[in-house]
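Hello,

Here is the structure I promised to pass on. My notes follow below it.

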Amino acid sequence: MLNSKIGGIGYYVPERIVTNEELSKLMDTTDEWIVERTGIKERRYAVKHEESSTTMAVHASKRAIENAGITEKDVDFIIFATLSPDYYFPGCGVLLQREMGMNGIGALDIRNQCSGFIYALSIADQFVKTGMYKNILVVGSEFHSSNLDFSTRGRNVTVIFGDGAGAAIIQPTEEEGKGILTTHLHADGEYAEHLAYFNPGGHGGVFLKDTELYPDYGDEPEYGGMLVTHEMIDKGQTFPHMNGRYVFKFAVEKFPEVIREALAATDYEVKDIDMLIPHQANLRISQMIQLNLGLDSDKVFNNIEKYGNTTAASIPIALCEAVEAGKVKDGDLVCLAAFGSGFTWGSCLIRW
Ligand code: COA
């Protein structure tokens, strides 16, 4: 069977830099609090009415395609991971396809939030290995700032997230021992409501009976049967909800676990990793993973201080920056790992 490889990568971040200082003018927070708890100093925000998850993905995809030395015509499948799609449906995959003039090829949307890029890579890997496709465009793109709560009520979530896009071309490789060596995907829906965006949704409140779990949604949650109601908006129930401590606790456990799983599957050890690129959830989480694995700090790539958490886009943006900075070189053993809403988590080991 063929191995697949990342044949090209690209990323895009919006020009507008939003500092912690700027956020502290909108809500009760401080630069010190945000830096101490998350490591984030600034993030990028896309321009409303001009940019979207799809338009950012177009920029990143063009760069990845060019970097792979192919053209749009060579792309034979699209996998698009995002939690902030342009439309509730259809997904961003078809919009990207249209905007890039790649009409006719298949386009799949992935809804696995922070683990979206790893899930997408794993799917692309299977398609390439079986010989079904030869140039799969895998994208992670997020427009978080389009719907965050900029009042003090939403500060625990809002300060963390930023906008951006990353893309990769997945192709077959004939080089022995190179490319994507293994991928591992996990989920535990038991914790779905601990990091979620309930409305718009069609759930009608069926899973959300225990209001004590969702204090930020008020005493009388309005989870109607409709996607969004006036009451939901009035009560501030149309923003993401996160139980931060809970997420933190699981993240620091599941990241090392799934990284070790990838190493065990390929008979490598932690010391063999040349570069670990974790999903940029929180600098404190990355530091705890590094400590748990006993890795040197120069073997863990972090750029969260500049971009915040860009969810599905964070791994491809970080990978791209690491390659451009010469921190990932030909022949390196690169480990990608993610954890996030679902909960979902996963890893991918690549011989670059
Ligand atoms: N600025 C100032 N104070 C804030 C704040 C902000 N932006 N956000 C929350 N607080 C306050 C809380 O209101 C709370 O105040 P109280 O003690 O008066 O009630 C206090 O800080 C502690 O809140 P808590 O949520 O317990 O803080 P924490 O130490 O858990 O840190 C996170 C919050 C979000 C930084 C942390 O939980 C975290 O990083 N979790 C993981 C999040 C993550 O990675 N998400 C993405 C997953 S892919």
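How many of the 352 residues of the chain count as buried? The share is 56%, where buried means under 20% relative accessible area with a 1.4 Å probe, protein chains only.

Before the rest, two remarks on the source. This is a predicted model, in which local features need pLDDT of at least 70 and side-chain atom pairs count only at pLDDT 80 or more, while totals for chains, interfaces and linings use all residues. Residues are numbered from 1 along each chain as its sequence is written, and side-chain values use heavy atoms, with hydrogens and water left out.

Now the overall picture. The chain has 11 helices and 13 strands, taken as DSSP runs (helices H or I, at least four residues; strands E, at least two) numbered from the N terminus. Its radius of gyration, 19 Å, is close to the 20 Å that the globule rule gives for 352 residues, so the chain is as compact as a globular protein of that length. That radius is taken over C-alpha atoms, and the rule is 2.2 Å times the number of residues to the power 0.38. Along the principal axes, the C-alpha atoms fill a box of roughly 60 × 50 × 35 Å.

Gln171 counts as buried because its relative accessibility is 10%. Its side chain makes a polar contact with the side chain of Asn135 at 2.9 Å (a pair of N or O atoms within 3.5 Å, one able to donate a hydrogen and the other to accept it; residues adjacent in sequence count only if both atoms are side-chain atoms).

Best wishes

Key: Buried means under 20% relative accessible area, exposed over 50%, partly exposed in between (1.4 Å probe, protein chains only).
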